[in-house]
Amino acid sequence: MKPTLLNRIIVILFLAVFLSSLLYLTSVIVRIPSIGAVLIKDSSDRYIVKSIEPAGQAEVRGIRVGDQILEINGNPVEEFRNVEKYNSIEYADNVLILHKDNVQQEIAFPKGWTGDHSLWELLIQLYIPGISLVIFCAFSGFLYVKRRNDRAVIMLILFFISIGISYYSSAASYRSDPVGLTIIYLLLPVISLLFMGFMNIYLQRFDVQFISRKLLRTLFGVAGLVGVASLLYIWTDLFPIQFYSYIEMAFSGIVLLGNLVCVYKLVRKFIKHRSTKLHSLFTITLISHLVAFTPFATLNLLPQIFGKDQILPAAFTALFLFVLPIVYFYLSTSNQLFDIDFILTRFKYYTALAFIPAVIVAALVAFVLLGENNPSWAAWFGVFFVIYIGMTLFLYAKEQIDQRFRPKLFKAMYSYQDSLDRFSRKIARVMKQSDLEAVLKQEISDLLPVNRITFLLVEQAENTVYPMGEHPEELITAEFLLGTVNSLQVGELIELPYGLGLVIGRQRSRYHILWIGMKTNHTRFNSDELRWLKTMSNYSSIVFENLYLIEGLIEDLESEVRKEHSTSPWVLRLLFCLSENERRKLAADLHDSALQDQLLWYRKLEAIMMDYPISDSLGRELEDIKEGLLDVIHQIRETCNELRPPLLKEMGVVEAVESIIEHTQMRVNFAVDFRAKSFNRPLNEEQITAIYRIVQELLRNADKHSQAKLVTLELELRKGTIYFRYQDDGVGMDVNQMIVSFEHMGLSGIKERVTGLEGDISFYSQSGNGLEVVILLPEIMTTGRSERGISRDSYLIS
């Protein structure tokens, strides 16, 4: 049988069993209203009502905790099967009750499709579980259609279906229905184990094992043993009624154990991978698992293990399981994870914010509204839990509402945000301090009704504030600023005797402060205005500091350029880097515009000559034009290569020099002997470019002036120093006259390049004996620093 056919048969059988169980459970829930009374046998062999489920028929028809059950269906209580096996009166047609006031009452429980259900009972036992099951099935169906060949997805589908059918069958298990109990006792213990199996398969793509297969098989084996024992008790009479308490304890224990192992593994993986790329994945899975299962484990399973009543109905705590399909569906289908750290930060803030109000409201509800019923601590805790979660979710919802609807409904409240956006765009174009002040003054005057916007200079060294007049407000403000000048911080918003002050900048001992006067409507600055002004102050201080640094850099450049013979290396490097950038841009422009246009016209001319009949004389003229175009194309290409050699950095320094030698020897009459040793470490692009330009200029100089027959070049790395030597057998010249000839021979540019790279250059020559140039460059350059502490290299353009 083919695997695909076998898979289809398995899916069809699974769906048949699933739908049959679903129909049966629905008929049980609808036909048989839940009574919801649990009995206990006292020392006098009397059957006393131990607990009452909310919204059950027992509560509706007046049965209370402590009442005695005398008869069921007209027979002794102990003869009723559900009492014998589960201490329950579910499926009873009628009971005879002896109330605590010694009044007997016979109560009937009608059955059938028009049974006496309460709306609350249908809501928590049929509607909510039914909707949950539909959601789980929808997620599962979508995953199966989209990714049926993924083993992790198949395990996730089993996980979803187990949760959904367990939740839906819980109502039948309340009625002590054998099918409902069977589903609960078989599926609930393996839900967490299915999850761990899913994680094992899912994490294989990250080369991570979630849980060892041996431990997982052991847990499945224990769950299987508990399930078999439960089935034997439910469907046979092999065990006495006392055995049921052990079944319940073992069942609750294996469910709790599976969840504890799961949480333990998630915590271990979270700690191990908290600094890796899987941090967000394990944070999401840990949080979702805790949110989904902790309420059910603490409020239902733990009390059941210790023989206590459940704190909240399982129908409520099971609602948290909705977290699972959303999160794991997202994990299985998404390529990017949401920012869980951001969500957790919000969660901690909102839970802390909601705690005290939730305590107060829960106390009022429990002790005022429920005071007549003397609520227990469990009831109070349940009320608190619901209110606490509700308030936390409300705060989350409020944040989303604020983001989506507040700007539309309350536009005035968001004018400050619009102002910040507008201000940030304007200051991006600011080039001078006066422009910054004008933009800042305009923005504040547009939004705030104030009587003064004045820029002040507080000179700490001279103990003066200007401009200031003789008005009392100005004198008091100046005195206040001088008294607090030692504590001023750039970007700070300070409260002045008559308004506010924004500290927008500092130049040595001089503070630049914007004085904003009192509001003309005689009101105080509100919190939104203060936050807006604080942000404006921060923005302005950043721009002011940058303008100050730029002004300082320009001053440094101007002072360095004015020096005739002692220009700093960093300035030379900057100028040469700027020059290389311009060469690169020009080469790109020539290549992308002029060269492409020439190629286009060349191809058009070639096509016309081939497609149309042309006379011999016209053909010769067009051929000459064609050759001319080829020459121009070649010249443009050569110019582009001269301006910016292609792949200069990728070639390396030796290959770059070999490339320029090869091109040079095609058009000169002298030979070049290049002797180079391989470099152990590659040079940076700036050094390679400099050596390339130096060789280029020396070879050009040899072609124009030296009349040499042989040029020798040497290049190697000697103990951290780049050694370069040029020698030719040309006419040479007097070294004393060489300085005068620097400009027209291009040697001054070579010397400046070497100085910019913090190197040394030496010239050796005599008339008739050729020229020798020796250059020594440091492999690693030191970086000069300005008096402002700013790295000179930070201004170099790469």
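These legends accompany close-up views of a predicted model.

**View 1. The whole protein.** The protein has 798 residues, and 43% of them count as buried. Its secondary structure comes to 24 helices and 16 strands. Among contacts with a separation of 6 or more, 64% are between residues 24 or more positions apart.

**View 2. Strand β14 and its two partners.** Strand β14 covers residues 721-728. On one pairing, 8 bridges join β14 to strand β13, residues 710-718. On another, 7 bridges join β14 to strand β16, residues 771-778. β14 runs antiparallel to β13, and β14 and β16 are antiparallel as well. Of the 8 residues in β14, 6 are buried, so the strand is largely enclosed by the rest of the structure.

**View 3. The hairpin turn.** β13 and β14 form a hairpin, with 2 residues between them. R718 and T721 are bridge partners, T721 being the one in β14. K719 sits in the turn. Its phi is positive, at about 50 degrees.

**View 4. A nonpolar patch on the surface.** Five side chains are shown here: F14, L15, L19, I154 and L158 form the patch. Together they have about 400 Å² of accessible area. Helices α1 (3-31) and α5 (151-174) each supply at least two of the residues. α1 gives the most, with 3. L158 belongs to α5. Its relative accessibility is 35%, so L158 counts as partly exposed.

View 5. R452 lies in the loop between α15 (433-447) and β7 (453-459). It counts as buried because its relative accessibility is 19%, and the cut-off for buried is under 20%. The side chains of R452 and E474 are joined by a polar contact of 3.5 Å. Beyond its neighbours within four places in sequence, R452 touches E473, E474, W515, I516 and G517.

View 6. The side chains of K626 and E606 meet in a salt bridge, 3.5 Å from N to O. K626 lies in helix α19 (residues 616-643) and E606 in helix α18 (residues 569-611), so the pair ties together parts 20 residues apart in sequence. K626 is buried, with a relative accessible area of 14%. E606 is partly exposed, at 28%.

View 7. E697 and R700 both lie in α22, residues 685-706. They are 3 residues apart, about one turn of the helix. Their salt bridge brings the closest N and O atoms to 3.0 Å. E697 is partly exposed, with a relative accessible area of 21%. R700 is also partly exposed, at 30%.

**View 8. A network of salt bridges.** The count for the protein comes to 17 salt bridges. D673, R675, E714, R725 and E772 are linked in a network. Within it, R675 forms a salt bridge with D673, and their closest N and O atoms are 3.0 Å apart. R675 counts as partly exposed, at 45% relative accessibility. D673 is partly exposed too, at 27%.

Key
Residues numbered from 1 in each chain as written. Predicted model: local features only at pLDDT ≥ 70, side-chain atom pairs only at ≥ 80, totals over all residues. Heavy atoms only, no water. Buried < 20%, exposed > 50% of the residue type's maximum accessible area, 1.4 Å probe, protein only. Helix = DSSP H or I, 4+ residues; strand = E, 2+ residues; numbered from the N terminus. Pairing = 2+ DSSP bridges. Patch = residues over 30% accessible without salt bridge, like charges linked within 9 Å, V, L, I, M, F, W, Y side chains within 5 Å. Areas by Shrake-Rupley, 256 points an atom, 1.4 Å probe, with all protein chains shown as cover. Salt bridge = Lys/Arg side-chain N within 4 Å of Asp/Glu carboxyl O. Polar contact = N/O pair within 3.5 Å; in protein donor to acceptor, adjacent residues only side chain to side chain. Contact = heavy atoms within 4.5 Å.
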